[in-house]
Amino acid sequence: MFKRKIGFLFNVFSMITSCMVIVVAFFTTVVNPTERIETVTLWQIVAVAGVITLLSLIYPWDRSMGKAEIAVRTGIHYVAVNVIVMASGIMFHWYNPKETLSIFAMLVSIAIIFAVVSGISWRKSAKDAKQMNERLQKYVKAAEEIQAEGSEPERADERADKE
């Protein structure tokens, strides 16, 4: 499970970082054109993406959640992401907190990135769960076949692997 969790976190980090770079590229090309981006900004993006990635641990790994719990955790997660990004934006001078349009642009950017990353993550999780259930069904079927044949039950996993 630890290996799966690390893989998940790496995927989330990669998606967040990629989306942040795209947003920065958009803003520095279209919204507020600049000749160049300071290299420190790239490290700031990586740092903020890392902190935001760790927030995804708000969702439990050892049990499933009901709809209400998912909604509450997602709401808390979204608010925390907004607070971190907006505070980082002020600290790193990514936007002008005195300009309403600048704040609005940051909030819209956060919402889009959150929706994209969450959607991809949820879709991948659903696909993984489906694959695990299919694998479990194959294992159970193989175990039942082995028991019916009078063979050793511990070989069910080998038979499931062959199918």
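What share of the contacts in the chain with a separation of 6 or more comes from residues 24 or more positions apart?

**View 1. Contacts, burial and surface of the predicted chain.** Residues 24 or more positions apart account for 60% of those contacts, where contact means heavy atoms within 4.5 Å. Of the 163 residues, 25% count as buried (under 20% relative accessible area, with a 1.4 Å probe and protein chains only). The accessible surface of the chain, from the Shrake-Rupley method with a 1.4 Å probe, comes to about 11400 Å², and 65% of this area belongs to carbon and sulfur atoms. This is a predicted model, in which local features need pLDDT of at least 70 and side-chain atom pairs count only at pLDDT 80 or more, while totals for chains, interfaces and linings use all residues. Residues are numbered from 1 along each chain as its sequence is written, and side-chain values use heavy atoms, with hydrogens and water left out.

**View 2. Helices of the chain.** The chain holds five helices and zero strands, helices being DSSP runs of H or I with at least four residues and strands being runs of E with at least two.

**View 3. Crossing of helix 2 and helix 3.** The axes of helix 2 (residues 39–55) and helix 3 (residues 67–91), lines fitted to C-alpha atoms over the stretch in contact, come within 10 Å and cross at roughly 165 degrees. The two helices are therefore roughly antiparallel to each other (angles over 145 degrees, on a range from 0 to 180 between N-to-C directions).

**View 4. Residues between helix 2 and helix 3.** Val48, Val51, Ile52 and Leu55 in helix 2 meet His77, Ala80, Val81, Ile84, Val85 and Ser88 in helix 3.

Note on methods. Parallel < 35°, antiparallel > 145°, perpendicular 65-115°, else oblique. Buried < 20%, exposed > 50% of the residue type's maximum accessible area, 1.4 Å probe, protein only.
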